[in-house]
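Hi,

Here is the structure I promised to pass on. Have a look at it first, and then read my notes below.

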Amino acid sequence: MSVIEIEGLTKRYGDLVAVDDLSLDVAEGEVFGFLGPNGAGKTTTIRTLLGMQSPTAGRVSVLGADTTVESERLDALARTGYLPAHPSFDGQATGREVLDLHKSLKGGSRRDTMLDLFDPPLDRRIRAYSTGNVQKLGIVQAFMHDPDVVVMDEPTSGLDPLLQERFNEFLRDERERGVTVLFSSHVLSEVRRVCDRVAIIREGRLVAIEDVEALLDRSGKLVRATVIGDLPADAFDLPGVADLSRRNVDGATQVSFTFSGDVDALVDELDRYSLRELDVEEAPLEDVFLQFYGGEASA
């Protein structure tokens with residue numbers, strides 16, 4: 001069953017096309033990553049999905065409800081958690097007052113559990129919060145009413161590495177509970193840890209949608225080898241070898257490359273040489289991103 005459905009979504013602002021004929025769906029109990037650099041159309045898609053703005057064309061739904069129709073949207077959003085890219089709360093209020101307000105609007109059955117995990121300073125005024133504390137408070141409010149589906153925009157922004165890992169563990173637990181999660185990100189390491197599938201968006205258009213493992217297969221393996229002596233000019237001239245580099249160090253040649261070809265052919269090639277060291281590991285998921293964005297990957 002698809003909990004989130006986006007079909008042919010287009011959003012224009014005058015002559016600017018922010019989202020262009022985008023279609024994807026998120027299954028019940030799935031953690032789905034929505035990837036792209038800043039300006040790719042991720043936030044526009046999320047805001048349109050949640051009924052904060054109207055689509056120019058296309059259809060969106062959450063939990064079977066058309067979120068462009070107010071009477072349907074309200075019921076669906078009562079069962080939905082939302083964390084925007086830059087959570088904003090009343091600076092004069094304390095964290096406790098903010099959560100009390102959200103509890104009065106949508107409930108708070110998991111409030112204590114969330115506070116144990118993320119622990120924002122409840123009795124401090126929001127204006128004195130750090131960016132990380134605002135993010136922690138935002139995470140608590142997004143999950144404290146025990147939603148069936150949660151939509152998040154750059155959820156770990158501002159969190160230190162320990163809290164990022166705690167959040168990732170929490171998301172994995174939520175998936176086990178059957179919660180459906182859609183979150184946008186340009187941090188590929190966290191996507192790799194928690195997502196079942198990912199969609200990659202570029203300039204408002206869907207570039208790819210795949211299982212995380214399929215993306216890892218696409219990136220191949222990162223091979224580093226130290227070979228005793230010099231290498232012939234045609235060394236490692238194999239299908240599937242990319243970004244080959246070599247340098248001579250202390251009577252040996254160090255080579256590195258990514259490899260997505262036939263493993264037997266690579267083994268045969270390595271067997272031609274006297275190896276001092278060999279290291280083979282998964283290529284970074286960032287390499288896949290670079291295939292789609294080139295120099296824009298760091299944007």
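**What I found**

The crossing of α3 and α5 is right-handed. The axes of those two helices, α3 (residues 95-106) and α5 (residues 131-143), come within 10 Å and cross at roughly 20°. That angle makes α3 roughly parallel to α5.

Before you go further, keep in mind that this is a predicted model. As for the overall picture, the protein has 10 helices and 14 strands, and its C-alpha trace spans about 70 × 45 × 35 Å along the principal axes. Of the 299 residues, 48% count as buried.

Now the charged pairs. As a reminder, side chains of opposite charge can pair when their charged atoms come close. There are 18 salt bridges in the structure, and I picked out a few for you.

One of them joins Arg205 to Asp20, with the closest N and O atoms 2.8 Å apart. Arg205 lies in strand β10 (residues 205-211) and Asp20 in strand β2 (residues 16-27), so this pair ties together parts that are 185 residues apart in sequence. Both ends are partly exposed: Arg205 has 42% relative accessibility, and Asp20 has 25%.

Next is Arg79 with Asp148, where the closest N and O atoms are also 2.8 Å apart. This pair links distant parts of the chain, 69 residues apart: Arg79 is in the loop between α2 (70-77) and β6 (80-83), while Asp148 is in the loop between α5 and β7 (149-153). Arg79 is partly exposed at 41% relative accessible area, and Asp148 is partly exposed at 36%.

The loop between α5 and β7 turns up again with Asp146, whose partner Arg177 sits in the loop between α6 (161-176) and β8 (180-185), 31 residues away. Arg177 counts as partly exposed at 45% relative accessibility, and so does Asp146 at 31%. Which residues does the network around this pair join? Through salt bridges that share partners, Arg110, Asp146, Glu174 and Arg177 form one network.

Leu275, Leu278 and Val280 make up a nonpolar patch on the surface, with about 230 Å² of accessible area together. Val280 belongs to strand β14 (residues 275-282) and is partly exposed, with a relative accessible area of 43%.

Cheers

Methods:
Residues are numbered from 1 along each chain as its sequence is written. This is a predicted model: local features need pLDDT of at least 70, side-chain atom pairs count only at pLDDT 80 or more; totals for chains, interfaces and linings use all residues. Side-chain values use heavy atoms; hydrogens and water are left out. Patches are made of residues with over 30% relative accessible area and no salt bridge: like charges are joined within 9 Å, nonpolar side chains (Val, Leu, Ile, Met, Phe, Trp, Tyr) within 5 Å. Accessible areas come from the Shrake-Rupley method with a 1.4 Å probe; for residues, only the protein chains shown count as cover. A salt bridge is a side-chain nitrogen of Lys or Arg within 4 Å of a carboxyl oxygen of Asp or Glu. Helices (H or I, at least four residues) and strands (E, at least two) are DSSP runs, numbered from the N terminus. Buried means under 20% relative accessible area, exposed over 50%, partly exposed in between (1.4 Å probe, protein chains only). Axes are lines fitted to C-alpha atoms, for helices over the stretch in contact, and angles run from 0 to 180 degrees between N-to-C directions. Angles under 35 degrees count as roughly parallel, over 145 as roughly antiparallel, 65 to 115 as roughly perpendicular and the rest as oblique. A crossing is left-handed if the near helix is turned anticlockwise from the far one by less than a right angle, and right-handed if clockwise.
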